[in-house]
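Subject: Structure handover

Hi,

Here is the structure I promised you. Please open it next to this email and follow along.

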Amino acid sequence: MKKFVILAHGAMDHTPEFQRAHQAWWASMQGHVIDSGNPLVNGRNATKDGQVTAIAERDEPALGYSIIEADTLEGALSLLEGCPMDMWVYEAVPM
């Protein structure tokens, strides 16, 4: 199995409908979760030349992460079906 980092980003809906949809989606993929992750706050962009700036909401910051496992990228993407928020998916390549 390969590892994939999923990053929630964009606007977060806090309605009861969103909460139910999120809970149902999260329950559907529990067999693939390696690390349930955490919310992400207070983001900063640190450039190679030492500039540090806050990541603004208009920049569509990452909101939280989890690490999942799947055989392929397509398999990881299929686990996101029914997810009520936007996600970025990255394969974590072993070094």
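Below is what was found, from the whole chain down to single residues.

First, the ground rules. This is a predicted model, where local features need pLDDT of at least 70, side-chain atom pairs count only at pLDDT 80 or more, and totals for chains, interfaces and linings use all residues. Residues are numbered from 1 along each chain as its sequence is written, and side-chain values use heavy atoms, with hydrogens and water left out.

The chain. It has two helices and six strands. These are DSSP runs numbered from the N terminus: helices are H or I with at least four residues, strands are E with at least two. Along the sequence the order is β-α-β-β-β-β-α-β. The C-alpha atoms fill a box of roughly 40 × 40 × 20 Å along the principal axes. Of the 95 residues, 22% count as buried. Buried means under 20% relative accessible area, exposed over 50%, and partly exposed in between, with a 1.4 Å probe and protein chains only.

S66. This residue sits in strand β5, residues 62-70. S66 counts as buried because its relative accessibility is 7%. Its side chain reaches the backbone oxygen of S36 at 2.7 Å. Setting aside neighbours within four places in sequence, S66 is in contact (heavy atoms within 4.5 Å) with F4, V5, I6, W26, D35, S36 and G37.

The tryptophans. The whole structure holds one aromatic pair. W25 and W26 form that pair, and it is tilted: 5.7 Å centre to centre, with 55° between the planes. Rings of Phe, Tyr and Trp (its six-membered ring) pair if their centres lie within 6.5 Å; planes under 30 degrees apart count as stacked, over 60 as edge-to-face and the rest as tilted. W25 is buried, because its relative accessibility is 3%.

The largest pocket. On a 1 Å grid over the protein atoms alone, a pocket is an open set of points where a 1.4 Å probe fits, with protein on both sides within 12 Å along at least five of seven lines; lining residues have an atom within 4 Å of a point. The lining has 17 residues, and A8, M12, H22, G64 and M85 lie nearest the centre of this largest pocket. β1 (2-9), α1 (16-28), β2 (33-39) and β5 each supply at least two residues of its lining.

Best wishes

Definitions and conventions. A polar contact is a pair of N or O atoms within 3.5 Å; within protein, one must be able to donate a hydrogen and the other to accept it, and residues adjacent in sequence count only if both atoms are side-chain atoms.
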